[in-house]
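Here are my notes on this one, jotted down as I went through it. Have the viewer open while you read.

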Amino acid sequence: MSEVDTKQARLLVIFDHLLPLVDSVSDKVRFAALLGLGLDVWIFVWLFFLKGFSLSSALMVAGVVLLPLLILLRFWWALEEIKDLPNIAERMMTDAQGEIQETVQGIRAGQVQKLGFLRSAKSLWSIGSMASEARELVGSYISIGTLVNPLSLVLGVVSLLFVLLLVFVGLVLLILAFW
């Protein structure tokens, strides 16, 4: 087994251990964001329909409440992209390994062909597909940056605490609506 295969196997084992944790955290962040969105709608309904605030005032309050939820949704999106990272990396490694083996075998067999128009088009097509896979991989790395940035982490924790505050405010508004 070559060194590349052992590194690939170790990387896949790490992903296999990490993905259940990422999936669990992703589900909890999604639940918190959906709960916050429901509470945001409830606050808007309470302000506009039950208490008679103006539409612009109710929308401004709902918009301010929505900002921390957008941060939570960004964390959720980053976690969802990380869950697909092993598939993207495996596809890229398999494609690159296959192309290299094909080229080496052709050179060893003395079948070095001149690049014709159709072969050039095929090569450009494969380069384009590899570039799109690389873009997906880079996009996942950018999402990882969201998760390891200290400012983003602090904002994420504050956003989760804000959702807990929204639950308390929502319950108080529910009690006031029936009282």
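The points below go from the overall fold to the individual side-chain pairs.

1. First, the caveat: this is a predicted model. The chain averages a pLDDT of 81, with 72% of its residues at 70 or more. Where pLDDT is low, the predicted coordinates should not be read in detail.

2. Of the 179 residues, 23% count as buried. Look at the contact pattern too: among contacts with a separation of 6 or more, 85% are between residues 24 or more positions apart.

3. On the annotation side, UniProt (an unreviewed entry) puts "transmembrane region" at residues 29-50, 57-77 and 153-178. How does the model look over residues 57-77? That span is 100% helix and 0% strand, and its end C-alpha atoms are 30 Å apart. Residues 153-178 are likewise 100% helix and 0% strand, with 38 Å between the end C-alpha atoms.

4. Which residues make up the largest nonpolar core? There are 12 of them: Val 22, Val 29, Ala 32, Ala 33, Leu 69, Leu 72, Phe 75, Ala 78, Leu 79, Ile 82, Leu 147 and Val 163. The elements giving two or more residues to this core are α1 and α2, and α2 gives the most, with six. A second, separate core has 10 residues, including Ile 43, Val 65, Leu 166 and Leu 173.

5. Leaving out residues up to four places away in sequence, Leu 69 touches Ala 33, Gly 36, Leu 37, Asp 40 and Val 163.

6. Now the charged pairs: the structure holds three salt bridges. Asp 23 and Lys 83 meet in one of them, at 2.8 Å from N to O. Asp 23 sits in helix α1 (residues 3-50) and Lys 83 in helix α2 (residues 55-83), so this bridge ties together parts that are 60 residues apart in sequence. Are these two residues buried, partly exposed or exposed? Asp 23 is partly exposed, at 30% relative accessible area, and Lys 83 is partly exposed as well, at 24%.

7. Lys 83 has another partner. It forms a salt bridge with Glu 80, with the closest N and O atoms 3.0 Å apart. Lys 83 and Glu 80 are three residues apart in helix α2, so about one helical turn separates them. Glu 80 counts as partly exposed, at 24% relative accessibility. Through shared partners, the bridges join Asp 23, Glu 80 and Lys 83 into one network.

8. Another bridge pairs Asp 27 with Arg 30, with 3.3 Å between the closest N and O atoms. Both lie in helix α1, three residues apart, or about one turn of the helix. Asp 27 is partly exposed at 31% relative accessible area, and Arg 30 is partly exposed at 34%.

9. The aromatics are worth a look. The structure holds four aromatic pairs. One of them joins Phe 44 and Phe 49 edge-to-face, with 6.5 Å between centres and 90° between the planes. Ring pairs link Phe 44, Phe 48 and Phe 49 into a cluster.

10. Finally, the tryptophans. The rings of Trp 76 and Trp 77 have centres 6.3 Å apart and planes at 65°, so this pair is edge-to-face. Trp 77 counts as partly exposed, with 47% relative accessibility.

Definitions and conventions
Residues numbered from 1 in each chain as written. Predicted model: local features only at pLDDT ≥ 70, side-chain atom pairs only at ≥ 80, totals over all residues. Heavy atoms only, no water. Phe/Tyr/Trp six-rings, centres within 6.5 Å; stacked < 30°, edge-to-face > 60°. Buried < 20%, exposed > 50% of the residue type's maximum accessible area, 1.4 Å probe, protein only. pLDDT = per-residue confidence, 0-100. Salt bridge = Lys/Arg side-chain N within 4 Å of Asp/Glu carboxyl O. Helix = DSSP H or I, 4+ residues; strand = E, 2+ residues; numbered from the N terminus. UniProt positions renumbered as here; feature names shortened; annotations may be inferred. Core = buried A, V, L, I, M, F, W, Y, C linked by side-chain atoms within 4.5 Å. Contact = heavy atoms within 4.5 Å.
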